[in-house]
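I am keeping notes on one structure that I have not looked at before. The entries below follow the order in which I looked things up.

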Amino acid sequence: MKITKLVVGVVTTNCYVVSDENTGDAVVIDPGDNAPLILENLKGLNLRYIMLTHGHFDHILGGKALREATGAPVAIHELDADCLTDPTKSLAGGGFTQPPAELILHDDDEITAGSLTFDVLHTPGHTPGSVVFRIGQVLFTGDTLFASGCGRCDLPGGDYPTILRSLRRLYYLTGEFDVYPGHAEVTTMEHERLGNFAMHDAMGF
């Protein structure tokens, strides 16, 4: 499995192209903007899904053009699905909308994209429909978990006690994981269990 990190948009969102180099199957996680850059990194690959960790504009803005260019379906949790069609929910403003998602996600769903299989973990708190995608020993955490922190909870739909419950769930995941967040640097669960203030708050340390 190959993971390509692209930093896109005015909020410097991490977009990930996840691919199997043997089969060419791929997904894009959080196409926040700059669809041409994402498409350049998809050359030679078969894009199976556009997967959204949540519905805020800085994680979805490039999805419409990507969808039109590739025909790949969009997957988002049911509680954030209206962010695609209602710009007030995505915080995009300016009337920006997208077609409804083709795949509506729920907790414990699986997304099979050719040779790649992702588990869906519902982790609300940053938004009601925030999710983490798990594949093997890798977590794509969106704005639920960052290196040394977590997503903000003061936007509509955010709730700090709720995100603490989500962080507690991640803390208790069995094994060690590489963590690919929605912003800033890649980290590990070992590092976050030891030093993440929000995760410590969640655990009562």
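Is Leu91 buried, partly exposed or exposed? I looked up its accessibility and found a relative accessible area of 32%. Buried would need a value under 20% and exposed a value over 50%, so Leu91 counts as partly exposed. I note here that the model is a predicted one.

**Entry: Leu91 and its backbone**

I placed Leu91 in the loop between α4 (87-90) and β6 (103-105). Its phi is positive, about 70°, although the residue is not a glycine. I also found Leu91 among the residues that line the largest pocket, and I turned to that pocket next.

**Entry: the largest pocket**

I read off a volume of about 180 Å³ for the largest pocket. Which residues line it? I listed Val11, His56, Phe57, Asp58, Leu91, His126, Asp143, Phe146, Gly151, Arg152, Leu155 and His183. Sorted by class, the lining has five nonpolar, four polar and three charged residues.

**Entry: the cavity**

How many cavities of 30 Å³ or more does a search of the whole structure find? The search finds one. The largest cavity holds about 30 Å³ of space. Its lining is made up of Val8, Gly9, Val10, Val11, Thr13, Gly32, Asp33, Phe57, Asp58 and Leu61. I sorted these by class as well and got five nonpolar, three polar and two charged residues.

I went on to Ala184, another residue other than glycine with a positive phi, here near 70°. Ala184 lies in the loop between β13 (178-181) and β14 (187-188). With a relative accessible area of 44%, Ala184 is partly exposed.

What lies 3.1 Å from the backbone oxygen of Ala184? I found a polar atom of the side chain of Lys5 there. Lys5 belongs to strand β1 (residues 2-8). Its relative accessible area is 36%, so Lys5 is also partly exposed. Leaving aside neighbours within four places in sequence, I listed the contacts of Lys5 as Asn14, Cys15, Tyr16, Ala184, Glu185 and Val186. I also checked Lys5 against Asp154: the two are 149 residues apart along the chain, and their C-alpha atoms are separated by 27 Å.

**Entry: Val27**

Val27 is found in strand β3 (residues 25-29). Its relative accessible area is 0%, so I wrote it down as buried.

**Entry: Thr144 and Thr123**

I then looked at two threonines. Thr144 is in the loop between β10 (138-142) and β11, while Thr123 is in the loop between β8 and β9. Are they buried or exposed? Thr144 has 0% relative accessibility and therefore counts as buried. Thr123 is buried too, with a relative accessible area of 0%.

The side chains of Thr144 and Thr123 are joined by a polar contact of 3.0 Å. Apart from residues up to four places away in sequence, Thr144 touches Thr123, Ser130, Val132, Cys150, Gly151, Ile163, Ser166, Leu167 and Leu170. For Thr123, with neighbours within four places left aside, I listed Ser130, Val131, Val132, Thr144, Ser166 and Leu170.

**Entry: helix α5**

Ser166 and Leu170 had come up as contacts of Thr123, and I found both among the buried residues of α5. Helix α5 covers residues 160-171, twelve in number. From its first C-alpha to its last it reaches 16 Å, close to the 16 Å expected at 1.5 Å a residue.

Which residues of α5 are buried? They are Thr162, Ile163, Leu164, Ser166, Leu167, Leu170 and Tyr171. I checked what these pack against and noted the strands β8 (116-122), β9 (131-135), β11 (145-146) and β12 (149-150), together with the helices α6 (189-195) and α7 (197-203).

Methods:
Residues are numbered from 1 along each chain as its sequence is written. This is a predicted model: local features need pLDDT of at least 70, side-chain atom pairs count only at pLDDT 80 or more; totals for chains, interfaces and linings use all residues. Side-chain values use heavy atoms; hydrogens and water are left out. On a 1 Å grid over the protein atoms alone, a cavity is a set of points where a 1.4 Å probe fits but cannot get out, and a pocket is an open set with protein on both sides within 12 Å along at least five of seven lines; lining residues have an atom within 4 Å of a point. Grid points are joined across faces, edges and corners, and a volume is the space filled by probe spheres set on the points. Ala, Val, Leu, Ile, Met, Phe, Trp, Tyr, Cys and Pro count as nonpolar, Asp, Glu, Lys and Arg as charged, and the others, Gly among them, as polar. Helices (H or I, at least four residues) and strands (E, at least two) are DSSP runs, numbered from the N terminus. The expected span of a helix is 1.5 Å times one less than its number of residues. Buried means under 20% relative accessible area, exposed over 50%, partly exposed in between (1.4 Å probe, protein chains only). Contact means heavy atoms within 4.5 Å. A polar contact is a pair of N or O atoms within 3.5 Å; within protein, one must be able to donate a hydrogen and the other to accept it, and residues adjacent in sequence count only if both atoms are side-chain atoms.
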